[in-house]
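Hello,

Here is the structure you asked about. My notes follow below it, grouped by site.

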Amino acid sequence: MTETATVMAQQEVAPGVYRMELSSPAIAKVAQPGQFVQVRIFNGNHILRRPLGIAECDSARGCFTMFYRIVGSGTRDLSLLVHGEILNVLGPLGHGFATAFHHPLLIGGGMGLSPLLSYAQAKRGACDILMGGKNAEELFWQSFYAPYVQKTFLTTDDGSLGSQGFTTTIFPQVLKQDTYDGVLVCGPEIMMRGIAKMAAQAGIPCQVSLEKRMACGLGACLSCSIDTTDGKRKKVCKDGPVFWAEEVFA
Amino acid sequence: MTETATVMAQQEVAPGVYRMELSSPAIAKVAQPGQFVQVRIFNGNHILRRPLGIAECDSARGCFTMFYRIVGSGTRDLSLLVHGEILNVLGPLGHGFATAFHHPLLIGGGMGLSPLLSYAQAKRGACDILMGGKNAEELFWQSFYAPYVQKTFLTTDDGSLGSQGFTTTIFPQVLKQDTYDGVLVCGPEIMMRGIAKMAAQAGIPCQVSLEKRMACGLGACLSCSIDTTDGKRKKVCKDGPVFWAEEVFA
Amino acid sequence: MNCVAKDTLLATDLCGIKMKTPILTGSGTFGFGEEFADFVDLSSIGGVVVKGTTLKPRRGNDGVRITETPAGMLNCIGLENPGVEVFLKETLPRIRQYDMNVIVNISGSSVEDYGLLAEKLDATDIAAIEVNISCPNVKEGGIVFGTDPKAAAAVTRAVKSHTGKPVIVKLSPNVTDIVCMAKAVEDAGADAISLINTLLGMQIDIRTWTPVLGNITGGLSGPCVKPVAVRMVWQVAQAVHVPIIGMGGIMSAEDAVEFFLAGASAVAIGTANFTDPSCITKISDELAAYLAAHRLENIHDLIGKIKIPQKEA
Amino acid sequence: MNCVAKDTLLATDLCGIKMKTPILTGSGTFGFGEEFADFVDLSSIGGVVVKGTTLKPRRGNDGVRITETPAGMLNCIGLENPGVEVFLKETLPRIRQYDMNVIVNISGSSVEDYGLLAEKLDATDIAAIEVNISCPNVKEGGIVFGTDPKAAAAVTRAVKSHTGKPVIVKLSPNVTDIVCMAKAVEDAGADAISLINTLLGMQIDIRTWTPVLGNITGGLSGPCVKPVAVRMVWQVAQAVHVPIIGMGGIMSAEDAVEFFLAGASAVAIGTANFTDPSCITKISDELAAYLAAHRLENIHDLIGKIKIPQKEA
Ligand SMILES: Cc1cc2nc3c(=O)[nH]c(=O)nc-3n(C[C@H](O)[C@H](O)[C@H](O)COP(=O)(O)OP(=O)(O)OC[C@H]3O[C@@H](n4cnc5c(N)ncnc54)[C@H](O)[C@@H]3O)c2cc1C
Ligand SMILES: Cc1cc2nc3c(=O)[nH]c(=O)nc-3n(C[C@H](O)[C@H](O)[C@H](O)COP(=O)(O)OP(=O)(O)OC[C@H]3O[C@@H](n4cnc5c(N)ncnc54)[C@H](O)[C@@H]3O)c2cc1C
Ligand SMILES: Cc1cc2nc3c(=O)[nH]c(=O)nc-3n(C[C@H](O)[C@H](O)[C@H](O)COP(=O)(O)O)c2cc1C
Ligand SMILES: Cc1cc2nc3c(=O)[nH]c(=O)nc-3n(C[C@H](O)[C@H](O)[C@H](O)COP(=O)(O)O)c2cc1C
Ligand code: FES
Ligand code: FES
């Protein structure tokens, strides 16, 4: 469905990273953790919508939030919107994370922490989070996760917060500290591949959330096709964005 | 010169007709009656600027106003701007009306009344105005002219205000009532031609203000070329928009 | 406006295809129709031109497949499709439920391919075949046929001789003389002509110094190409007798009206489906409103009705 | 950044023309330069390509000459110009004061016209001649020469044989095979190639049902055509050895960088001058800043430096 959504709040949470809250009751009501929306910016500059993950959902207030980083003209124009302005939102789209886990470990890097947040929120108290970023600044996410997760593990490339390294560096240690029945990952592909491999070795089910440029978001245009390990073609927008790791990583 | 101008006020003065006040000190300082500006709307939808006449000028406050009718996408987008938003203005452009007249009659139809207003204002108390419109609603101009002119003559196509007919219908009568040393006309071409012919017969110097679609506004692109009666080509943007009637109407 | 009025205003017949509206979807932008079923009542539109179909399945191009451009987009999907056999066995039976005109867009790498595809599709209940000789994104996409009038005619004849269905030939705008191409396929028996496919374009990432698209170049579509498309429809309409399906940048009923005035008998909506998935319904409604406001009784009263002012002596 | 740095970064030599920046103005969009003297320091830019000049004066087309389109515009000025004699006697002496590279864009209706124009211009101090074989708006605008490689070569040879000045040939994008056109004019002696002139387009007024433009069709320019222009520059750069002047929709230094990466040795700014009359200065400054930020020493380090990823096996 498409819905005209009003910007309720917008705030720069870290340099170049914004959190936008939208009033969008129909979408907020049915969204599942890991799903995304395709936003249409009405300033006349954009023929294509932009896919953004749903980060937090407040179905009672009819609102949801998105976190995004400015990387080009669409996200820049988005960042200029102020309270009361409108967007059009198509969604919720795609398949989110499996919800059957009891105590999953969420692993996110960069903006990948956005869709995972919706999972932490939906499974309040069930998850631990392992988050990685370039530096302390990029880990502003802590405060957003705090209300929903049990344990938080931090890594930064430069060691300015948590342990130095990547999420893949400390993942084995984290696994030793607790028993997880699932690992849900979202971040750069190289990180997801790394985690998926280790999770498989540890025998823990693993889901990953992929990104590909999208036009329709509905499975029609084939902009977002990927190869799956069984030799088929799948569409990130419709069959994903969340896949079982073994479906997509050989 | 180009200047970034702030919208100080915007108001719908008649159905589909807007008056916009811009803070634009550099332009307000030097603008001559009958000159125009090329406005650039910053919403990403417009490659070309739009030419609009300068209607009132307040050099002390550094502001000028424009009146425009919504006829297409540019004027529509202009009408959506609110106090505090910005435009870019290129101008003042072209040659305005001759200022040497002592008691000229201004004749305007429709949006042609906009550039004439700047003349009435500049020659405070010197001019009479003959205005024509489809109906009473279109003659909202009266109140804007009132502070600056001596006599006001009104005609409407439907007779709902002033005498019924066109400005050309009552022009001969108006000429009998007073002695004018010049006639300055702006409106539909057919009206300007009619008035110019009668003014010539009456032996009164006549100036007309023309409109042609414009791209550069600087005499460079030749979008706005017209034929003159001496067989030359002139540019409305640079050589005009005001011409002596005999220069352009055979 | 009530439904009856709308139906009468927009109903049309395009080389034998009965259509509720003269508005189709552009191949490759609307999947098989079913993907848009939540947004559009598929039985109420003119028809769905499905994604380009080839003899064998194709996985399409690698890397980035779309990118936005000023007032448009580039794509290099590369004709990813399950192949005609899967289409016939799985897709067609599945989409039958929507009660819509299905037009199948076909691409081949040889004249024989086109003939074979036509033969296979002939035995079905599809409404028509659209012959794509203009896909700029794959060598096998027929673009070689789309730039040479003789080859285009050969493909057209091959398709015509293998099917009794209406055959629509979709031309490439990347040619010097579109009229010559149109005449060649008309003479070869085309029942209608689709205009335009995408213009060949390219975008370069100035951060990485690499082409943005995986296939380096791609096809340009959207409002940016509309002036070129309207011009080609107008040129071709004066030269051929078969109906034209106009497309290229239609975002609104106003845009569609330009194509009808230029001489298109129907239009197709492509890129706009990405901007607004229910736009085809809105465009139909607004088109009906435009016709009503102009006191026209049917879309035919608009087709080719452009008035060309006579030059003064 | 100080001026010295900017000068070294942008200074270039284009087939013998010494230019302070690799940025020219597009013919027909910048008059004779003088109209923009209040907005641009004319002596500091690469050069001014003046409005298309013909043997005889031309009054151009009647009616509406420009209209806006999505991310672009159509024009049908129709080569209005005072003729080469007036240009030589009045314009050229007048604009000499600006100390700028003057490149004269010429159009003719026969091969002889082009030869004659070149001969007349040869005796002056202009920097180069740009041969327009691509104006879509007048029969005499050379478009017939612009779509046929043999005719294009003949025009090029005629100009070359009448002048010792650098000869730039400006090609039309309205062709099936731009590479073939480029090679033809290179073989005929062109010293450089300008790409692209406008795409032929059309707009219809849906209120009056008439074409918006007085000449019915017009030339499309502006950001909407940029993907097509970049693609053509890239294709031609791989096939010819002479330098290319790239143009079509450049609004910013980022846009210009795309053209340089694709293989243009210089660029020209057209339509953008209407959006912002001082844009050429801003684009030069931003281009210098881009080069500095990428630690490049001169614009040459950017030209043709696109990286084409190797396809995986
Ligand atoms: C399912 C999904 C969910 C996403 N969720 C988020 C999120 O929650 N927060 C967030 O910051 N980003 C998210 N992204 C990425 C986001 O869509 C892009 O950053 C955005 O579209 C860029 O738009 P732009 O106009 O600013 O950039 P453009 O100027 O269009 O491009 C700049 C760069 O952004 C990347 N990009 C452009 N379009 C896309 C696209 N459609 N998908 C992926 N990358 C793209 C490319 O690398 C490109 O070089 C998500 C992407 C997908 C597919
Ligand atoms: C020197 C000059 C002064 C002007 N002063 C005023 C003024 O004070 N108030 C006012 O309301 N209008 C004025 N105009 C007309 C005004 O420029 C157009 O109405 C405006 O540009 C239309 O823009 P648009 O995007 O809304 O319309 P578009 O969608 O571009 O076109 C709609 C219609 O407007 C007309 N039009 C479009 N562009 C122009 C243009 N550049 N010049 C003339 N007509 C055009 C055409 O008839 C067209 O069919 C003036 C024009 C000129 C040349
Ligand atoms: C993503 C995408 C995929 C396309 N795939 C096809 C195709 O498979 N076959 C075809 O004939 N045209 C294809 N086209 C072209 C469109 O059908 C249409 O001709 C073109 O996009 C112009 O219309 P538009 O501007 O409304 O999109 C495709 C266009 C897009 C944008
Ligand atoms: C109003 C206008 C007039 C033009 N006149 C000429 C001309 O006389 N000769 C020529 O070779 N090109 C002419 N052109 C084409 C431009 O020089 C340029 O090739 C084209 O507009 C693409 O660049 P742009 O998108 O930056 O404008 C003209 C373009 C415009 C918009
Ligand atoms: S974005 Fe269109 S199929 Fe996925
Ligand atoms: S608008 Fe360019 S010359 Fe008048």
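**Ligand 2**

A polar backbone atom of Pro51(B) lies 2.6 Å from an oxygen atom of ligand 2. Please keep in mind that this is a predicted model. Phe67(B) also contributes its backbone: a polar atom there is 2.8 Å from a nitrogen atom of ligand 2. Ser114(B) uses its side chain instead, with an N or O atom 3.3 Å from an oxygen atom of the ligand. On its own, ligand 2 has 830 Å² of accessible area, and the protein covers 82% of that.

The shell around ligand 2 holds 20 residues. Arg50(B), Pro51(B), Phe67(B), Gly74(B) and Thr75(B) come nearest. Which chains do the surrounding residues come from? They come from chains B and D, so the site is shared between chains.

Three elements of chain B each supply at least two shell residues: strand E4 (50-53), strand E6 (63-69) and helix H2 (73-79). E4(B) gives the most, with four residues. By class, the shell has eight nonpolar, six polar and six charged residues.

**Ligand 3**

Ligand 3 is surrounded by 22 residues. The closest are Ser27(C), Lys170(C), Gly222(C), Gly249(C) and Thr271(C).

- Gly249(C): a backbone N or O atom at 2.6 Å.
- Ser27(C): a polar backbone atom at 2.8 Å.
- Ile196(C): a polar backbone atom at 3.0 Å.

What classes of residue make up the shell around ligand 3? Four are nonpolar, 16 are polar and two are charged.

**Ligand 4**

Ligand 4 also has 22 residues around it. Ser27(D), Lys170(D), Gly222(D), Gly249(D) and Thr271(D) are the closest. A polar backbone atom of Gly249(D) is 2.6 Å from an oxygen atom of ligand 4. For Gly222(D), a polar backbone atom is 2.8 Å from a ligand oxygen. Lys51(D) makes its contact through the side chain, where a polar atom lies 3.2 Å from an oxygen atom of ligand 4. The protein buries 97% of the 600 Å² that ligand 4 exposes when taken alone. The shell divides into four nonpolar, 16 polar and two charged residues.

**Cysteines**

How many disulfides are there over all chains? The count is zero.

Cys206(A) has its closest cysteine sulfur in Cys186(A), 11 Å away. Cys206(A) counts as buried, because its relative accessibility is 2%.

Cys180(C) is in no disulfide either. The nearest cysteine sulfur belongs to Cys180(D), 15 Å away. Cys180(C) is partly exposed, with a relative accessible area of 32%.

**Two single residues**

Thr124(C) sits in the loop between helix H3 (111-122) and strand E8 (128-132) of chain C. Is Thr124(C) buried or exposed? Thr124(C) is buried, because its relative accessible area of 17% falls under the 20% cut-off. The side chain of Thr124(C) reaches the backbone nitrogen of Ile126(C) at 3.3 Å.

Glu85(D) is part of helix H2 (residues 84-95) of chain D. At 35% relative accessibility, Glu85(D) is partly exposed. Ile133(D) is 48 residues from Glu85(D) along the chain, and their C-alpha atoms are separated by 21 Å.

**From the record**

An unreviewed UniProt entry annotates residues 1-99 of chain A as "domain: FAD-binding FR-type". Over those residues, the chain is 13% helix and 47% strand. The end C-alpha atoms of this stretch are 23 Å apart.

Best wishes

Technical notes
Residues numbered from 1 in each chain as written. Chains lettered and ligands numbered in written order. Predicted model: local features only at pLDDT ≥ 70, side-chain atom pairs only at ≥ 80, totals over all residues. Heavy atoms only, no water. UniProt positions renumbered as here; feature names shortened; annotations may be inferred. Disulfide = S-S within 2.5 Å. Buried < 20%, exposed > 50% of the residue type's maximum accessible area, 1.4 Å probe, protein only. Near = heavy atom within 4 Å. Polar contact = N/O pair within 3.5 Å; in protein donor to acceptor, adjacent residues only side chain to side chain. Areas by Shrake-Rupley, 256 points an atom, 1.4 Å probe, with all protein chains shown as cover. Nonpolar A, V, L, I, M, F, W, Y, C, P; charged D, E, K, R; others polar.
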